[in-house]
Amino acid sequence: MTEKSSTGAGVFRDVINSIFEPGVNRGVMVVMNCAFMGLFAILVYLMFATRFNLHMQNKQLPNVHLRKEWDLRVRTWFNQPGRKLRRRNARVAKAAKIAPRPLELLRPAVHCPTVKYNRKTRVGRGFTLEELKAAGITAKYAATIGIAVDYRRKNRSEESLAVNTQRIKDYLAQLIVLPTQAKQRTSEQKQAYQAAVQVPGQVVPLPKVAAAEAPRAVTAEEKQVQAYVTLRKARGAYKSHGIAQKRKAELKEKKANSVKK
C-alpha cells in the first residue's frame, strides 16, 4: 500500500489509480469509510423517524390528523329523557286546550295492501268525496268538524263505501256542534257540551273483523278445486274482455252484412 497525500485531490487521484494498480490504497479506504459512516447515519435517522419501529419497511410516515376538534363532531343523546317529558307535556297541554273535542280526526276503515294482508283492516288517511256525499256533507264542512278528507283515494267496492259512510253517520250522530254566537246556543246544547267526555282515540271504532272459521275436514269438492288455475283464467278473461267483445261485434257485423247481400 503506497502512502499518498490526504487532501481531496489526492484521495480522488488514489481512487482513479486503484483502477489500474493492484491492491488497495489509502484513497479507497477513505471513501469506503465515509460511505459506511453515511449509511450508518441514515440508519440512525430512520430509526428515530420511525420511533424504532423496525416493521415500517417502505410505508409512508404516519401523520394523521384525527384528533382535531373531535368534541365538536360528537353527537350525544343525553337529553332524551327531557325531550320525552317535553313531548308528553305538550300532548297534555294540547288535549286540555281542545277539550272536549277528540284528540284524533275521524278516519276511514281501509284494507291493507297485498294479498297477504288485505284481509286486515286499519285506519286510513281520509274519506273520499263519494263517501262524504253519501253521508250528506261536503268536504269543506267535514274539515271543520274533525273528519279527515283524502282527495286521492277512490272507492273500489260497494262494501267499503257502505262501511265508511256508516262511520260518518255514526260520528255525526254523536257530534255536538255549538253555534258560533253564544245567543244562539240552547240550554240543551250547553248541557250536552258540559257533559261531553274527550275521546283519546277514534270516536267510532273500527268494524270488527269476521271471526275465523273453526277447523274442519276438507271436503271432496274442495279438493277438486284448482285455485291457481281459476285465478289465472279470471285474470286472462279480465285482460282480454275488451278484445273479445270487439271480435264478437265484428263477427256479428260481418254476418249481418252477408245476410243483406
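This is a predicted model: local features need pLDDT of at least 70, side-chain atom pairs count only at pLDDT 80 or more; totals for chains, interfaces and linings use all residues.

**Entry 1**

**Entry 1: a cis peptide bond**

Next I checked the peptide bonds. Alanine 99 and proline 100 are joined by a cis peptide bond, with omega at about 0°. Proline 100 sits in the loop between helix H3 (80–98) and strand E1 (109–111). For context, most peptide bonds are trans.

**Entry 2: the largest nonpolar core**

Which residues touch the most other members of the largest nonpolar core? I found Leu106, Phe127, Leu132, Ile137, Ile147, Ile168 and Tyr171, out of 13 residues in that core. At least two residues of this core come from each of helix H5 (129–135), helix H6 (139–144) and helix H7 (158–174).

I then picked isoleucine 168 and listed its contacts, leaving aside neighbours within four places in sequence. They are Leu106, Phe127, Glu131, Leu132, Ala135, Ile137 and Ile147.

**Entry 4**

How many salt bridges does a search of the whole structure find? I got four. In one of them, the side chains of glutamate 131 and arginine 153 meet, with N to O at 2.9 Å. This pair links distant parts of the chain, since glutamate 131 is in helix H5 and arginine 153 is in the loop between H6 and H7, 22 residues apart.

Is glutamate 131 buried or exposed? The relative accessibility of glutamate 131 is 0%, so I noted this residue as buried.

Threonine 128 also touches Arg153, along with Asp150, Lys154 and Asn155, not counting residues up to four places away in sequence. I placed threonine 128 in the loop between strand E2 (121–123) and H5. Threonine 128 is buried too, at 3% relative accessibility.

**Entry 3: a network of charges**

I moved on to arginine 216. Its salt bridge with glutamate 213 has the closest N and O atoms 2.6 Å apart. Glutamate 222 also forms a salt bridge with arginine 216, with the closest N and O atoms 2.8 Å apart. Through shared partners, Glu213, Arg216 and Glu222 are joined into one network.

- Arginine 216 is partly exposed, at 47%.
- Glutamate 222 is partly exposed, at 38%.

**Entry 4: a nonpolar patch on the surface**

Which residues form a nonpolar patch on the surface? I found Phe36, Met37, Phe40, Val44 and Phe48, which together have about 560 Å² of accessible area. Phenylalanine 36 lies in helix H2, residues 26–49. At 56% relative accessibility, phenylalanine 36 counts as exposed, because the cut-off is over 50%.

A reminder I jotted beside this entry: an α-helix has 3.6 residues a turn, so residues three or four places apart point the same way.

**Entry 5: helix H11**

I checked the length of helix H11, residues 241–260. At 1.5 Å a residue, its 20 residues should span 28 Å, and the end C-alpha atoms are 29 Å apart, which agrees. The number of buried residues in H11 is zero, so this helix lies largely in the open.

Alanine 109 is in strand E1. It is buried, with a relative accessible area of 9%. Apart from neighbours within four places in sequence, alanine 109 is in contact with Thr121, Arg122, Asn164, Arg167, Leu206 and Pro207. From alanine 109 to glycine 136, 27 residues apart in sequence, I got 19 Å, C-alpha to C-alpha.

Valine 11 has a relative accessible area of 15%, and it counts as buried because the cut-off is under 20%. The C-alpha atoms of valine 11 and asparagine 25 are separated by 9.4 Å, with the two residues 14 apart along the chain.

Conventions: Residues are numbered from 1 along each chain as its sequence is written. Side-chain values use heavy atoms; hydrogens and water are left out. A nonpolar core is a set of buried Ala, Val, Leu, Ile, Met, Phe, Trp, Tyr and Cys residues joined through side-chain atoms within 4.5 Å. Buried means under 20% relative accessible area, exposed over 50%, partly exposed in between (1.4 Å probe, protein chains only). Helices (H or I, at least four residues) and strands (E, at least two) are DSSP runs, numbered from the N terminus. Contact means heavy atoms within 4.5 Å. The expected span of a helix is 1.5 Å times one less than its number of residues. Patches are made of residues with over 30% relative accessible area and no salt bridge: like charges are joined within 9 Å, nonpolar side chains (Val, Leu, Ile, Met, Phe, Trp, Tyr) within 5 Å. Accessible areas come from the Shrake-Rupley method with a 1.4 Å probe; for residues, only the protein chains shown count as cover.
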